[in-house]
Amino acid sequence: MTPTIDLALESGARLTFLHVIDAYATVGPLSIIYSELMELSQFMILILCDRAERHGLRQMDFIIREGSLRKQLLQFAVETHAALMVLGQPLRNPGRNVFRAAEFEGFVAELPQTGNLDVLRVTPSPFSSQG
């Protein structure tokens, strides 16, 4: 089970999964890929909701937003009046992340002030391959 689902179960809180798509395309071939990205995002969130429900969580929903990850997270924190936001810490990998390590630290420090909430950072386990 995930720390987020555990926390929601322990506290009886409503859990809202948020996924932000930091991309935009409305015309041409990219619009097809973008539409599929939206569908894939919705599918991923539905899998998380199903996992939470299988563990006994009944109060949950999800939101998919488009735009800047930073802006959407800050806006979400303010709009929801949530008590706690759980953020997955980006894994350092050769690919590009939205946040560099120092930027993420600063952003996490800014969230409680902007959204009047607590922030819990969780570090995802890197995928392990089995032979």
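**Helix 1 and onward**

I then found Thr4, Ile5 and Ala8 buried in helix 1, residues 3–11. They cover an arc of only 100 degrees around the axis, which puts them on the same side of helix 1; the arc is taken over the directions from the helix axis to the C-beta atoms. Gly12 follows helix 1 and has a positive phi, near 70 degrees.

Note on the source: this is a predicted model, where local features need pLDDT of at least 70, side-chain atom pairs count only at pLDDT 80 or more, and totals for chains, interfaces and linings use all residues. Residues are numbered from 1 along each chain as its sequence is written, and side-chain values use heavy atoms, with hydrogens and water left out.

**Whole chain**

I listed four helices and four strands, running α-β-α-β-α-β-α-β from the N terminus. Helices (H or I, at least four residues) and strands (E, at least two) are DSSP runs, numbered from the N terminus. Of the 131 residues, 25% are buried. Among contacts (heavy atoms within 4.5 Å) between residues at least 6 apart in sequence, 67% join residues at least 24 apart.

**Helix 2**

I looked up Ile47, which sits in helix 2, residues 28–54. Ile47 is partly exposed, at 41% relative accessible area.

Technical notes: Buried means under 20% relative accessible area, exposed over 50%, partly exposed in between (1.4 Å probe, protein chains only).
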